[in-house]
Amino acid sequence: MIDYKYKKEEDENKMNKDSIVSVFYGGGKGKTSAALGAAFKNIPPGGIAYFLQFVKDADEAELLRKFEPEFKVFNFDTDSAISFVKKVISSKECDVLVLDEILSLIETREDGEQIITDILALARKNITRIIITGNFITD
């Protein structure tokens, strides 16, 4: 796991100085479980977390729906998921956002790395905690 705590930026009035991005990546199992634990731990009182799966797992999603309404679960095709994530971040609909297997975009789409970079830049302005998972990460 990697935690990035964003420090003061040149344009600090546009950035959420307390924004944290957690990245769980690598082969094997446990990334989603770790992300879920981090999400549950970081939901503020009265807050809400969104969990969006980029690789669909119907059984896992059904289990997680038991935690609604504080923890909302979404499954979309990739293009719809990207649009939905940008809308959620821009409208500040949640306090914690988990993007499960978003790192798969690096391997499955030519523009995947840029999409992730754009989402993280937008999230830094609007959401305190974002958690991403996947098998692969670039430098």
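Predicted model: local features only at pLDDT ≥ 70, side-chain atom pairs only at ≥ 80, totals over all residues.
Residues are numbered from 1 along each chain as its sequence is written, and side-chain values use heavy atoms, with hydrogens and water left out.

Let me start with the interior. A nonpolar core here is a set of buried Ala, Val, Leu, Ile, Met, Phe, Trp, Tyr and Cys residues joined through side-chain atoms within 4.5 Å, where buried means under 20% relative accessible area, exposed over 50% and partly exposed in between, with a 1.4 Å probe and protein chains only. The largest such core has 28 residues, and those with the most contacts inside it are F54, L97, L99, I102 and I130. At least two residues each come from β2, β3 (49-53), α3, β5, α4, α5 and β6, and α3 gives the most, with six. These elements are DSSP runs numbered from the N terminus, helices being H or I of at least four residues and strands E of at least two.

Taking contact as heavy atoms within 4.5 Å, I130 touches I20, V21, S22, L97, L99, I119, L120 and A123, leaving aside residues up to four places away in sequence. A second, separate core of 15 residues includes A35, L36, I43 and V73.

Which residues of α5 are buried? They are G112, I115, I116, I119, L120, A123, R124 and N126, and what covers them includes β2 (20-25), α3 (78-91), β5 (96-100), α4 (104-108) and β6 (129-134).

Turning to the aromatic residues, rings of Phe, Tyr and Trp (its six-membered ring) pair if their centres lie within 6.5 Å, and planes under 30 degrees apart count as stacked, over 60 as edge-to-face and the rest as tilted. The count comes to eight aromatic pairs, and ring pairs link F40, F51, F67 and F71 into a cluster.

Finally, the backbone. Most residues other than glycine have a negative phi, and most peptide bonds are trans. Here, a cis peptide bond joins E68 and P69, with omega about 20°, and P69 is found in the loop between α2 (58-64) and β4 (71-75). K92, in the loop between α3 and β5, has a positive phi near 55°, and it counts as exposed because its relative accessibility is 51%. E101, in the loop between β5 and α4, has a positive phi near 65°, but at 16% relative accessibility E101 counts as buried.
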